[in-house]
Structures are given as structure tokens and as C-alpha cells.
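Open the model in your viewer and keep the selection panel at hand. The stops below say what to pick and what is there.

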Amino acid sequence: MPDDELLGSHRQELRRGTVVLACLLALREPGYGYGLLKTLEAAGITSDGNTVYPLLRRLEERGLLASEWNTDESRPRKFYRTTAAGTELATQLLADVSDLTKSLHSLNGRS
Amino acid sequence: MSWTERYLAAALRSIPEPKRTDVERELRSSIEDAIEERAAAGEDRTAAERTVLEGLGDPSALAGAYTGRPNYLIGPELFPLYRKFLPRLIAVVVPTTFIVMLAVNLAGGGDMQSAISRGISGGITVAIQIAFWATVTFVFLEWAAPARQARSELVAAAGQWTVERLPKVQDARISVREVAGEITSALITIGFLVFSVGLTSTTASGVEVPLLDHDFRTVWVPILIALVAMRGLGHLMAYNAGRWTLFLTSANVLAQVLFAVPVVVGALSGAIVNEDFARVIGWPALESGNGVPMIALAVGTTLATGWEIVRIVLRARRSQGVAPLVTASTPTA
């Protein structure tokens, strides 16, 4: 059994690349920063605000997300929504993840 | 002022103006959302605020993530170039500075001792300056947005790594020839020392005057002979051990320094050659610490010793590399 620290660092490494995909998929339904964190958490994807909040801006700068301020409620919130380009990228990435999982399982089954 | 306000101030400080207001508004609402939820679950508001902010971590790191500014001075793209460039620059410029300073001071009529010390301090100053400015330049290339273009060009110019760039693996084993060479040179040095002890000149009245100064002849020459003999012995031990161990390397360097110091100091203070001998042969400058022969002896010994120490250290580094190399290439089957 590997020690917790080792497991933790490898898990973090594995998850790092999937946060973008998770955000793009989740935000096909418009969402705001903290709400998105909760959505991801509910889906079993743990991530930190200090990763996700800056990431949302970078994805927006690249045109994968679009944003809009919602001031209807008592607290103004910036809502993000995945753009067409973002959806396209997410579809591609999701296929890659499935392929990767398949490949890993086939490696696992071979031994 | 609340923690949240202080956190926002710290995080936003380094975010450029056009983005700042928007980031502030968003970050504030995210923080408040998180605190709100914890408070609604019955947590104390102050404790919730602390947990949320500490969860976000160091505000300057967060700001770095927002601006895309690196959390390091020189990144992995530039670092190999930096490591290659800086030592080479120093290795070229520092000895040049030393020699130039030495020459300028000697030409200006300074004595050897102060010329050497000015050369050394000049070399150190230049090394520090180069290290500082080269580092500043690389950090600028890494950090400054307008320098991004220059950085990619620089990295591209340094070129793709190919197998041709692999450093040559030198044979680190100590060859018989190497040891034989060293022992021969030690024997020659000893022979030369013994010969110079016996070297005399005869005055008009028939008195034999030895070349070497009395103290140097009776005290220092035996010590020098012992040091040279030790050096030869060290080579034999290294050959026997198969490599230059840390102990043998240090002992060798020490023997080099102990040999050079009395020769250089003796030469510069005119304590090597017998005053009477110089007078008898009609060349008083031979004895003087400020005369050409003794200065040449001092400079020559210093350079030869410096070069020898560099060689010893390089050889020891080669020796260090040899152990894992041999193990790795041993077939396991």
C-alpha cells in the first residue's frame, strides 16, 4: 500500500489535466465560480477554488467560455457558459479520456 | 478591516488594472458564497472566513494564477540555457580579467604582491557582476511579457537537442602510463632540487658559494622534496584504489598548495637564492624579490599550481562518475 502522500501527489497529477474538461462539460449549463465548485464536488471531482477561478478566466480568454454578470440577485455573480468551440473541444477531450481509460484497462488485463 | 478585504487587497495588488475590478468583484462573491454556505451550516462566521481564505491559499500565488505570471525566477525552458551560459562566461571572463589586472598593475609600476591581490579581487568582482547581470537578464526574459518573443527566439536559436550534443565519456580509470608519467615528473623535480642544493660558484679567493640561500637549502628544500615524494605516493595509492578518492584528491591539492606557497613567498621575498652567489656570478637581480627571475618563478609556480589543481579536480569529478557508469553497463543476466 503506497503511503498517503505518494498516492495524493499522483492523484493530483492525474486530475490536473481533467479539470479543464470537467469545467467545460459542467458549464454547458451556465454556472458561477463557487456554484461550479459545488457541481464538480457533487460529481465526485474535487478541485480547489484557487485552481478553478483563475482557470475560468483563462478559458474565457481563449474563447472556450463566455461570461455574463448577473446582478438580479442580492450578490452579483459572474456566470460562465461553454461556447460552441468549448463544447467541441470537450467532446474531443472526452473521447480521448475514454480511449485512455480503455488502453489502461487493456494494459491491466494483459498481465 | 476584515480578513477578506485584506486578502483581496493582497491578491489584487499585482493584477493589472483593466482586469482588476472584474477579478475583485468575482473573487469577492466567490469568497462570500463559500463563507455563506459554511455559516448556514452552523459554523462560526469568523472561523468560516478563516477556513475559506486559507483554502484559497497565499494570495500572491492566486494572483500569479490569474495573471499567468510564473511562480519562479527562471523556468524550465530557459534554465538549461542559463546553466550552460553562465559558467562558460565566467570561465572565460574571470581569468582574462585576472591577467589584464595583473599586467596593468605591473606595467603601472606596482609590485607583484599587490598586482596579484588586485588581479584576484578584480576577478571576484567581475564574477559576481556577471552572475548578477546574467541572472537579471534571464529573469527579465522569463517574466517580461514584451520579452516573450525574444525568449522563444533565444530558445529556438539554442536549437533542438540532438545526440551529437551528448558529452564525451572520458575514461576515468587511471592508466599505468599516467602514473608512470607523474612519478617520472616527481623524480625529475626531486633530482632538480637536489642538484640545485649542490650547485655552487667559486669566488676569486677560492670559497665555494652555494646557489641557494642557507635557510631555504637546509629547511625548505627537504620539505619540498618530501611533498613531491608524497605526491608520487598519492598517485600510486590512487592507481591501487582504481580511482581518485576524496581523501587522495584533497591530499593531492594540499600537497600542491604546500609546495607552491614557500616557493612563491620565498621568491617574492628574495629568500631563495643566496645573495653572495648572485654577486659572485655578477647578476644581483637574480636574488632580488623584485627582479625578473624571481617574479617569473613566482608567477610560473602560481600558474602551474593553479592549472594542476584544476586538473586534479576535473580528474576527481571524472572518477566520481565512473562508479555508477560501470554498474549501469554491467549486464544483469
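This is a predicted model: local features need pLDDT of at least 70, side-chain atom pairs count only at pLDDT 80 or more; totals for chains, interfaces and linings use all residues.

Residues are numbered from 1 along each chain as its sequence is written, while chains are lettered from A and ligands numbered from 1 in the order in which they are written.

**Stop 1: the sheet of chain A**

Select the strands of chain A. Strands here are DSSP runs of E with at least two residues, and helices are runs of H or I with at least four, both numbered from the N terminus. Three strands form an open sheet in the order β1-β3-β2, with antiparallel pairing. Two strands pair if DSSP finds at least two bridges between them.

Colour β1 (31–32) and β2 (65–70) of chain A. These two stand at the edges with a single partner strand each, so one side of each has no neighbour in the sheet.

Now zoom in on β2(A) and β3(A). Six bridges join them. A hairpin connects β2(A) to β3(A) through six residues. Pick A:Trp69: A:Lys78 of β3(A) stands opposite. Next pick A:Glu68, which faces A:Phe79 in β3(A).

Stay on A:Phe79 and look towards β1(A). A:Tyr32 stands opposite A:Phe79. β1(A) and β3(A) pair over two bridges, again antiparallel.

**Stop 2: two helices of chain B**

Select residues 17–40 (α2) and 45–56 (α3) of chain B. Their axes come within 9 Å and cross at roughly 135°. Axes are lines fitted to C-alpha atoms over the stretch in contact, and angles run from 0 to 180 degrees between N-to-C directions. That makes α2(B) oblique to α3(B); angles under 35 degrees count as roughly parallel, over 145 as roughly antiparallel, 65 to 115 as roughly perpendicular and the rest as oblique.

Show the side chains where they meet. From α2(B), the contact includes B:Ile31, B:Ala34 and B:Ile35; from α3(B), B:Ala48 and B:Val52 are among the residues. Contact means C-beta atoms, placed from the backbone, within 7 Å.

**Stop 3: chain A against chain B**

Show both chains. Twelve residues of chain A are in contact with 14 residues of chain B. On the chain A side, α3 (33–42), α4 (49–61) and β3 (77–82) give two or more residues each. Which element gives the most? Select α4(A): it gives five residues.

Methods:
Two residues are in contact if their C-beta atoms, placed from the backbone, lie within 7 Å.
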